[in-house]
Amino acid sequence: MVNSPLTRPEFRPQAASHSPVEWRLSEGLVPYPEAVAWMKARAAAIAEGTAPECVWLVEHPPLYTAGTSAQGADLLQPRFPVYETGRGGQYTYHGPGQRVAYVMLDLRARRQDVRAFVSALEAWVIGTLAEFSLTGLTDPARVGVWVRRPDKGPGHEDKIAAIGIRLRRWVSFHGISLNVEPDLGHFDGIVPCGIAEARYGVTSLVDLGLPVTMPEADLALKRAFRPIFGDVS
C-alpha cells in the first residue's frame, strides 16, 4: 500500500550457526573514496568466505554521489565533490550530521531476492524511527523513507533516509543514510533522488524537533537491525 508503514520482513541467515554481523563504527569524517575501497574489499572477502558480514557506520565530509540512474540535469550546483558510484538510485548528499550505514551482507546465506532486501532495509529505517516515536513511510514510486509534514501543507512529505545498494556475487554494499542533523541547505545543490515536486522535501530528526544525538541514533539502528537481520557482534 502506498504511503503506509511497512510490516517487518525478516532477512535473517538461513543457518543457525551463521556468524554474527560485525558492527563497525568509525569516528570522524571518512573520505568517500576510502570508504568505497574498503567496502569493495570487504564485500569480496565476504564472498570468498574469509570475513564476516559487516555493517559500517560512518560520516562523510560534504559530497554528492551519483547513482546508476542519475540525470545530469539534477546536479544543480556542484558545491561539493561529486562521485559517480555503482549503487542504484540518483543523486544524493552525504555530510556531517548524517549517519551512513554501509551494509555488507551475504544474500546467498539469507535470501537471493533484491526487492525483499531493499524492503528489509526500509523496514530497518522505519524501526529505527519508531524508537523516537516517528512514523516512517515508503512509496513504491519513491525509494527511501519519508515522513508526513502536515505543517508544510496538505500532502507534503519529506525524505529522512535514502537507500542505495549494489550487489557483487550476491554480497551487498553501499546501504542507507539517515539524516540526524545535517545541514539541510546542502541538499539544494541537487534534485535529491530526482524528485523535484515542491510537496516533497528533505528533513532530519533534529529538523523535526527531536534532539537526537548521533550515538542515540546509532543505538536505535542497532536495536532495529537485530529483529530483521539477526545478531551483531
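**Exercise 1. A residue in a loop**

Between which helix and which strand does the loop with S133 lie? Then decide whether S133 is buried or exposed.

*Solution.* 
Step 1. The model is a predicted one. Find S133 in the loop that runs between helix 2 and strand 7 (137–139).
Step 2. Check the backbone. The phi of S133 is near 60 degrees, a positive value in a residue other than glycine. Most residues other than glycine have a negative phi.
Step 3. Check the surface. Exposed means over 50% relative accessible area. S133 has 72% relative accessibility, so S133 counts as exposed.

**Exercise 2. A residue in a strand**

State which element holds H174, and decide whether H174 is buried or exposed.

*Solution.* 
Step 1. H174 lies in strand 10.
Step 2. Its phi is near 65 degrees. That is a positive value, and H174 is not a glycine.
Step 3. Buried means under 20% relative accessible area. The relative accessibility of H174 is 4%, so H174 counts as buried.

**Exercise 3. The whole chain**

Describe the fold by its elements, then test its radius of gyration against that of a compact globule.

*Solution.* 
Step 1. Count the elements. The protein chain has 3 helices and 11 strands.
Step 2. Along the sequence the pattern is β-α-β-β-β-β-β-α-β-β-β-β-β-α.
Step 3. Take the extent. Along the principal axes, the C-alpha atoms fill a box of roughly 50 × 35 × 30 Å.
Step 4. Compare. A compact globule of 233 residues would have a radius of gyration near 17 Å. The protein chain has 17 Å, so the two agree.
Step 5. Look at burial and contacts. Of the 233 residues, 52% count as buried. Take the contacts between residues at least 6 apart in sequence: 71% of them join residues at least 24 apart.

**Exercise 4. The nonpolar cores**

Find which element gives the largest share of the largest nonpolar core, and list what F117 touches.

*Solution.* 
Step 1. The largest nonpolar core has 40 residues. Those that touch the most other members are F117, L121, W124, I160, L205 and F229.
Step 2. Several elements give two or more residues to this core, among them strand 2 (54–59), strand 6 (98–104) and helix 3 (214–229).
Step 3. Helix 2 gives the largest share, 9 residues.
Step 4. Leave out residues up to four places away in sequence. F117 then touches F11, V103, L105, L107, I165, S172 and F229.
Step 5. There is also a second, separate core of 17 residues. Y32, I46, A47 and C54 are included in that second core.

**Exercise 5. The cavity**

How many cavities of 30 Å³ or more does a search of the whole structure find? Describe the lining of the largest cavity.

*Solution.* 
Step 1. The search finds 1 cavity of that size.
Step 2. The largest cavity holds about 80 Å³ of space.
Step 3. Its lining has 13 residues. Nearest the centre are T92, K159, A162, N179 and F187.
Step 4. Strand 5 (91–94), strand 9 and strand 10 each supply at least two lining residues. Strand 9 gives the most, with 4 residues.
Step 5. Sort by class: 8 are nonpolar, 4 polar and 1 charged.

**Exercise 6. A pocket**

Give the volume of the second largest pocket and sort its lining by class.

*Solution.* 
Step 1. The volume of the second largest pocket is about 150 Å³.
Step 2. Its lining has 13 residues, and P13, A16, H18, G230 and D231 are the closest to its centre.
Step 3. By class, the lining has 6 nonpolar, 3 polar and 4 charged residues.

Key:
Residues are numbered from 1 along each chain as its sequence is written. This is a predicted model: local features need pLDDT of at least 70, side-chain atom pairs count only at pLDDT 80 or more; totals for chains, interfaces and linings use all residues. Side-chain values use heavy atoms; hydrogens and water are left out. On a 1 Å grid over the protein atoms alone, a cavity is a set of points where a 1.4 Å probe fits but cannot get out, and a pocket is an open set with protein on both sides within 12 Å along at least five of seven lines; lining residues have an atom within 4 Å of a point. Grid points are joined across faces, edges and corners, and a volume is the space filled by probe spheres set on the points. Ala, Val, Leu, Ile, Met, Phe, Trp, Tyr, Cys and Pro count as nonpolar, Asp, Glu, Lys and Arg as charged, and the others, Gly among them, as polar. A nonpolar core is a set of buried Ala, Val, Leu, Ile, Met, Phe, Trp, Tyr and Cys residues joined through side-chain atoms within 4.5 Å. Buried means under 20% relative accessible area, exposed over 50%, partly exposed in between (1.4 Å probe, protein chains only). Contact means heavy atoms within 4.5 Å. The radius of gyration is taken over C-alpha atoms; the globule rule is 2.2 Å times the number of residues to the power 0.38.
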